[in-house]
Amino acid sequence: MTDSCPPAHPKVYDRYDAVSYAPYSQNITRARRHVAQLAVDWGHPGAAGDAALLASELCTNALLHGCLRDRLFRVETSLKGNALRVAVTDPRGERLPIPYTAASDDQFGRGLLIVRALACRWAVEKLTVGKTIWAELDIPGSPGP
């Protein structure tokens, strides 16, 4: 007997991409560039910069606070209607993000403030193993030709 039950909440997207990265700092740059290129390829070049910055901040947080040695983190980019979502999944579900008010001379601590300022919506989803932090941009109009 095979298990052919569909998922309880299937996710349907107009466009979808997922890439897994090793937990190295150079992969933040790779992820940021990839997400920006997807926004352009999907007909929303005006959103590329904000999407890239969201990817950069979420990946940096995953690398600093959520990654384990030799465990990948995943960047999912999706488009549904006029919402462009960047989601980053890491293996440390017990380390949930906490918005922090950085002092003016602090080097770190502004990532979630940037995400909150740019994104129309963002949230954390706890998983059986790990967590996903996602942020969405609302994109006016429809994709170009």
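## Cysteines

Cys 59 is buried, its relative accessible area being 0%, and in this predicted model Cys 59 is also listed among the residues with the most contacts inside the largest nonpolar core. Cys 120, by contrast, is partly exposed, because its relative accessible area of 43% falls between the 20% and 50% limits.

The count of disulfides comes to zero, where a disulfide would require a pair of cysteine sulfur atoms within 2.5 Å.

## The nonpolar core

The largest nonpolar core comprises 29 residues, and those with the most contacts inside it include, besides Cys 59, the residues Leu 58, Val 75, Leu 84 and Val 88. Two or more residues of this core come from each of the helices α1 (26–41) and α2 (48–66) and from each of the strands β2 (73–80), β3 (83–90) and β5 (131–138); of these elements, α2 gives the most, with eight residues.

Once its neighbours within four places in sequence are set aside, Leu 58 is found in contact with Val 86, Val 88, Val 115, Ile 133 and Ala 135. One of these partners, Val 88, is itself listed with Leu 58 among the residues that have the most contacts inside the core.

Thr 29 and Ala 55 are separated by 26 residues in sequence, while their C-alpha atoms are 9.2 Å apart in space.

Definitions and conventions: Residues are numbered from 1 along each chain as its sequence is written. This is a predicted model: local features need pLDDT of at least 70, side-chain atom pairs count only at pLDDT 80 or more; totals for chains, interfaces and linings use all residues. Side-chain values use heavy atoms; hydrogens and water are left out. A nonpolar core is a set of buried Ala, Val, Leu, Ile, Met, Phe, Trp, Tyr and Cys residues joined through side-chain atoms within 4.5 Å. Buried means under 20% relative accessible area, exposed over 50%, partly exposed in between (1.4 Å probe, protein chains only). Helices (H or I, at least four residues) and strands (E, at least two) are DSSP runs, numbered from the N terminus. Contact means heavy atoms within 4.5 Å.
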